Amino acid sequence: MKAYLARRLARAVLLLFAVSLLCFLLTRLAPGSFFDDIRLNPQISPQTIATLQARYGLNQSLPLRYAHWLGSVARGDFGFSIAYNTPVSRLMWAPAEHTLLLGGVTMLLCWLISVPLAVWSARYERSLFDRGVSALTSLFISVPEIVLAVGLLAFAVRSHALPVGGMTSVGFDELPAWGKASDIARHMLAPVAILVLVGTPVIVRHLRSSVLEVLHAPFVEAARGCGIGGARLLFRHVLPAAANPAISLFGLSLAALLSGSLLVEVVTGWPGLGPLILDATLARDLDVVVAAAMLAAAMMIVGNFAADLLLLAADPRIRTGSPDAV
Amino acid sequence: MRFRRAIWLPAAVLVLWHLGFLCAGFLAPYAPAEQDRDLPYTPPSHFEFRGPQGFHFRPYACEADAAAAGNQQSSCYPVHFLVHGWQYSFAGLRSDLHLFGVPAPRRISILGTDAYGRDMLSRLLFGGRISLAIGLLATLVSLVVAMLIGTLAGYHGKWTDELLTGGAELFLVVPWLYFLLALRAMLPLHLSASATFLLVVGVIGSLGWARPMRLIRGVVLSARERNFVLAARGFGAPDVYLLRRHIAPMTGGVLLTQAALLIPQFVAAEAALSFFGLGVSEPVPSWGNMLAVLQQYSVLVSYWWMLTPAIALVVTSVTYCWLAERLQRWLKSSSI
């Protein structure tokens, strides 16, 4: 088992390295650069631009620049943002916290809603409740995220039920501690609602089908025969046996903590990583884009790795290498 | 037989839907970029079938606030069918025939107009043509790539398989929107309309191949060991023959299902990209850049008809998902 873990870890590190190389090469082979717009200005001489490029090391050879960049990653700077004239990590710290807050709340709500929904709709298969849940799930899975975001935003703006735009109200600094928390919570409602609507259906659909499969297994029949029923049967016996796909999905939602809300953040004006990355893309501030992509990839790898660990802990079939492991 | 019964309905709806956008020039009353600066944000007109002489079959288009003003005669005007208007070209033919229109100084706007007084219905139709074309072409690109790489990995196996699945994993670990932005960031921002179109197709298409590739690899891997393939190999069939005659046909179902799943995703990806101002740019319409005006909250509050591209996106997505579900069910029942 230790060998298995070591192999997974080595693969994860290798993958991260490959992602960094790919991102770096992609952005550095790009025809444009940050100074393209300046070059159009006749008042700025080519010498000035050359000096600027030399200062930011844009005229060095590719391997050298990659080495420099790796060095700055090792120092924890993650490259240098030309637009803001500061190391990227300093730029990303506060937005990353905001995104993490949004993602954390979303993830918690998603799982709290979808697990009981999935288990009960599988338990009462073909009932009105189950049909309703399935219909809603199919609908929300197929509606694109951008439409959900714009639609809910339109509702929020028109009804004045939810505050939209930003994370805090105007007089935020004067509020007491509790007022601050509730202000942020109210601003969070719209983006969280959109993200929960996007995330929940996927979990419900997968978990429902796997619970359904287990409910037809002989051991459930046997448990019923022994007089175990109701919630105890569902949550103590059926759910653990049906948890494997859900654990993989949990890994994915862990991975999406930082990256899953990009579009919604931009649409609702949440000051997280999304708007930062979009602005950096439009300004060709490439180090920021690369650092964000790296961060997202790292989260994805960590999430998958965590899912593997959890699967290992939860499922004895995987631990023993049994062939009927799911 | 089962295939046809389960799948004809969503497929027929989709064919009609696409056909409508293909005939955008005929259905749209105005050119998509034609402006009328005097009529910004005109609300959708409504139709009357009752005039001063009682009921008539010809619909009369009325300006939205006409009823409130109480002067119906002056602001209602007859809608004519199969009229001649602006020139458009369709499949190499030039024509100026349109399904409907109103006498010249008047303008009809079934879905209202946008900030420049451009007809929303016309923009929706022409924008849909571009958005759907991007979705279809990007799907074609990524499925061709997935087919090539997946077949190679599954059929050749060994180190080729290791290398290619590793490469696919690389594309799966970076979230697609991040990848889309990173890839878009490296390419020039300001380009001509057709170059942007190809660029968006390329960017989206080159990112989506990893997941179908894994599925195709799986199918090829199991197909390679099937008895009839082994038998054919035993009779001395060359690899190319085996792939073409025996293995490629087995991937058909997976390819179809993946196409039905990928097309709406890619149409939505185009919408997101153009919404951010990184995709198709004005004055060429696409559903994404039509939605971009909604970033201003004032538009979102006051002009509900600006949300119509979102409805078109939902219709596209829901119908394709319906088709994909039917295809998946058919695939499951036919593979057992």
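**Entry 1: B:Tyr77**

I listed the contacts of B:Tyr77 (C-beta atoms, placed from the backbone, within 7 Å): leaving out residues up to four places away in sequence, B:Tyr77 touches B:Tyr60, B:Ala61, B:Val102, B:Pro103 and B:Arg106. The model is predicted, so local features need pLDDT of at least 70 and side-chain atom pairs pLDDT 80 or more, while totals for chains, interfaces and linings use all residues. Residues are numbered from 1 along each chain as its sequence is written, and chains are lettered from A in the order in which they are written.

I placed B:Tyr77 in strand S3 (residues 76–78) of chain B; strands are DSSP runs of E, at least two residues, and helices runs of H or I, at least four, numbered from the N terminus. B:Tyr77 counts as partly exposed because it has 18 C-beta neighbours inside 10 Å; 20 or more would be buried, 12 or fewer exposed.

**Entry 2: cores**

I looked up nonpolar cores, sets of buried Ala, Val, Leu, Ile, Met, Phe, Trp, Tyr and Cys residues joined through C-beta atoms within 7 Å. The largest has 138 residues, and A:Leu153, A:Val289 and A:Ala293 have the most contacts inside it. Helix H14 (residues 286–314) of chain A gives this core its largest share, 16 residues. Beyond four places in sequence, A:Ala293 contacts A:Cys23, B:Val174, B:Tyr178, B:Phe179 and B:Ala182.

**Entry 3: interface**

I found 35 residues of chain B and 41 residues of chain A in the contact. On the side of chain B that touches chain A, H7(B) gives the most, with 9 residues.

Methods. Two residues are in contact if their C-beta atoms, placed from the backbone, lie within 7 Å.
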